[in-house]
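Visitor: I would be grateful for a close look at a single part of this model, with its surroundings described in detail.

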Amino acid sequence: GVHGPLRPQFPSYTFPNHYTLVTGLYPESHGIVGNSFYDPESGEYFSYTKQEVLFKSKWWLAEPIWNAVQRFGMRSATMFWPGSESFILGKRPNYFRAYDESVSTNVRVNQVLEWLDLPETKRPKFISMYMSIVDDAGHMFGPKSIETKLALKEVDNGIGYLVKELESRSLHKKVNLLIVSDHGMVEIKDEDRFHIYLDDLIHDMKKRLQWVDFGPISSIIPRKGQAEAIYNDLKEGEAAGMPFKVFYKEELPRHFHYHQSDRIAPIIVIADAGFIIDYRGGHWVPRGAHGYDPNISEMQALLIASG
């Protein structure tokens, strides 16, 4: 087979890149422009943590591969892939499981094997599976931690178990196996100086913003009449040497492909690697994070393919 680095798309977050992997489109085109965002057309907010929101088909604007294969008379199955629980353009996978982070790696693999053991007329031709524990450990303990190394080992063993079971079924020479990750991870040090406090830069922030999110990047929707002043305040911070860059969305580098959607906030702040955009009193203290410029080395993802 082949292997090498895989560059994620901007922003290098989970939901935008999972959906890019199964649609072949940039986030500005497939609609999932962040893990959280505001849609001015509907006046509603998307959040990856709210199951009832994820089920709504209106968020997903492009056909994923698990629906495409059905158009060609084949069956599909997904094991915990973002978007697969929703009706998208009127369809869902033939088989899927609602996301449950407590389900172990081997149980996830066993579900895939159960689908492969179905009679040929019911067996899916396309199956996707998401193993989430490396990302979880990286956020909680940092990408260089022993906990993350143990999570990597569990996933590696899970993939080994899958391959062994494919061999036992004489399927290993009949399948195309692709192993990908959606992004990399940067270590965040447990020191105050690695936090950029947005409310120190934007006076009366709560009154002047309609919506904002925090993390490696910050998407900002100012209230009416506030955009230019807020942009200028942030530009002053950038000019003073603070570790971030601020853009109107139209100014973002074109290779990000991140401006042609009303769901993208008018102002985007991108922290330097290793820094987090936060607010005074915030309680999110990750030891690892992603979302940064996808071209930096720490954000590179993984591609292994054989078949």
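Guide: The model is a predicted one. In the chain, Ser 84 belongs to the loop that runs between β4 (76–79) and β5 (95–97).

Two polar partners of the Ser 84 side chain can be named. One is the side chain of Thr 78, with which a polar contact of 3.1 Å is made. The other is the backbone oxygen of Trp 81, which the side chain of Ser 84 reaches at 2.7 Å. Leaving aside residues up to four places away in sequence, Ser 84 touches Trp 66, Thr 78, Arg 92, Pro 93 and Phe 96.

The phi angle of Phe 80 is near 70 degrees, a positive value in a residue that is not glycine. Phe 80 counts as buried because its relative accessibility is 2%, and the class covers values under 20%.

His 257 is partly exposed, with a relative accessible area of 27%.

The structure holds 18 aromatic pairs. One of them joins Tyr 38 and Tyr 45, with 4.7 Å from centre to centre and 45 degrees between the planes, a tilted arrangement. Tyr 38 is buried at 16% relative accessibility, whereas Tyr 45 is partly exposed at 37%. Ring pairs also link Phe 15, Tyr 19, Phe 37, Phe 46, Tyr 48, Trp 59 and Trp 60 into a cluster. Over the face of Trp 59 lies Lys 58, at 5.2 Å from the ring centre. Arg 280 is placed over the face of Tyr 197, at 3.8 Å from the ring centre.

Finally, there is a helix pair to consider. The axes of α6 (residues 133–141) and α7 (residues 146–168) come within 8 Å and cross at roughly 180 degrees. The two helices are therefore roughly antiparallel, a term that applies to angles over 145 degrees. Among the residues that meet are Ala 137 and Phe 141 in α6, and Ala 151 and Val 155 in α7.

Notes: Residues are numbered from 1 along each chain as its sequence is written. This is a predicted model: local features need pLDDT of at least 70, side-chain atom pairs count only at pLDDT 80 or more; totals for chains, interfaces and linings use all residues. Side-chain values use heavy atoms; hydrogens and water are left out. Rings of Phe, Tyr and Trp (its six-membered ring) pair if their centres lie within 6.5 Å; planes under 30 degrees apart count as stacked, over 60 as edge-to-face and the rest as tilted. Buried means under 20% relative accessible area, exposed over 50%, partly exposed in between (1.4 Å probe, protein chains only). A charge sits over a ring if NZ of Lys or CZ of Arg is within 6 Å of the ring centre and within 35 degrees of the ring normal. Helices (H or I, at least four residues) and strands (E, at least two) are DSSP runs, numbered from the N terminus. A polar contact is a pair of N or O atoms within 3.5 Å; within protein, one must be able to donate a hydrogen and the other to accept it, and residues adjacent in sequence count only if both atoms are side-chain atoms. Contact means heavy atoms within 4.5 Å. Axes are lines fitted to C-alpha atoms, for helices over the stretch in contact, and angles run from 0 to 180 degrees between N-to-C directions. Angles under 35 degrees count as roughly parallel, over 145 as roughly antiparallel, 65 to 115 as roughly perpendicular and the rest as oblique.
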